[in-house]
Amino acid sequence: QTSSVSLSAAATSSSNAGFLSLYRGMAAPLSAAAVVNAIIFASYGTASRWWDQQYPPKGQQQQQHDSWIKAFVCGSFAGFSQSIIICPMEHIKCRLQLDGSSSVRPPQFRGPIDAAQTIMKSHGIRGIYRGYGCTLVREVPAFGAYFAVYDAVKDRATKYFDDNSSSKQQQYNP
């Protein structure tokens with residue numbers, strides 16, 4: 001149902017306002033991508049340092065066992081942190097993509113700044129953060145899983161290459 005509604009909206013938008021209307025509102029999210037990535041990795045690093053202070057490893061075995069839990073929790077915190085910034089940007093992007101998609105209604109916004117100002121004037125901060133709960137439901141577990149998988153793959157690759165490099169060094173040493 002949802003995918004057919006999305007495809008229907010995309011088809012209606014592109015047929016009424018042209019194919020490029022699907023990309024309306026993309027300038028703001030693309031220009032902020034570096035800032036959002038900085039927030040993600042700074043939040044992850046901060047949460048990781050906090051975790052190490054609160055839960056110092058008691059041994060190598062516990063450190064290996066808890067590393068994926070730490071990565072998931074810290075990654076989830078990074079997802080929470082970045083959704084504070086990403087939610088208004090995505091809301092404005094979606095509003096701009098749908099703006100003027102109907103042949104009956106003319107475009108309401110002149111661009112992302114105008115859209116943000118109009119939404120703030122008519123709905124306040126709650127209007128800008130409309131959909132924040134859905135953003136949290138998507139971003140928090142997604143970034144937790146992302147960093148947990150990343151750490152697991154990194155640890156396995158490091159172990160694999162360390163084991164192979166030490167065995168190759170032994171072969172070459174007479």
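Visitor: Which residues form a nonpolar patch on the surface?
Guide: This is a predicted model, and in it the patch is made of Phe77, Phe80, Ile84 and Ile85. Together they have about 310 Å² of accessible area.

Visitor: What makes isoleucine 85 partly exposed?
Guide: Its relative accessible area is 34%. You will find isoleucine 85 in helix 4.

Visitor: How many salt bridges does a search of the whole structure find?
Guide: Five. One of them joins the side chains of aspartate 52 and lysine 70.

Visitor: Why is the contact between aspartate 52 and lysine 70 called a salt bridge?
Guide: The N to O distance is 2.8 Å, and the cut-off is 4 Å between a Lys or Arg side-chain nitrogen and an Asp or Glu carboxyl oxygen. The pair therefore qualifies. It links distant parts of the chain, with aspartate 52 in helix 3 and lysine 70 in helix 4 (residues 60–98), 18 residues apart.

Visitor: Is lysine 70 buried or exposed?
Guide: Lysine 70 has a relative accessible area of 17%. Buried means under 20%, so lysine 70 is buried. Aspartate 52, with 38%, is partly exposed.

Visitor: What makes arginine 110 and aspartate 114 a salt bridge?
Guide: Their closest N and O atoms are 3.6 Å apart, and the criterion is within 4 Å, so this pair counts too. Arginine 110 is exposed, because its relative accessibility of 76% is over 50%. Aspartate 114, at 14%, counts as buried.

Visitor: Which residues do salt bridges that share partners join into one network?
Guide: Start with arginine 138 and glutamate 139, whose closest N and O atoms are 2.6 Å apart in a salt bridge. Through shared partners, Glu90, Arg138 and Glu139 belong to one network. Arginine 138 is partly exposed at 40% relative accessibility, while glutamate 139 is buried at 10%.

Visitor: How do you know that helix 3 reaches close to its expected length?
Guide: Helix 3 (residues 33–54) has 22 residues and spans 31 Å from its first C-alpha to its last. At 1.5 Å a residue, 32 Å is expected, so the two values are close.

Visitor: And which residues of helix 3 are buried?
Guide: They are Val36, Ile40, Ser43, Tyr44, Gly45, Ala47, Ser48 and Trp51.

Methods: Residues numbered from 1 in each chain as written. Predicted model: local features only at pLDDT ≥ 70, side-chain atom pairs only at ≥ 80, totals over all residues. Heavy atoms only, no water. Helix = DSSP H or I, 4+ residues; strand = E, 2+ residues; numbered from the N terminus. Buried < 20%, exposed > 50% of the residue type's maximum accessible area, 1.4 Å probe, protein only. Patch = residues over 30% accessible without salt bridge, like charges linked within 9 Å, V, L, I, M, F, W, Y side chains within 5 Å. Areas by Shrake-Rupley, 256 points an atom, 1.4 Å probe, with all protein chains shown as cover.
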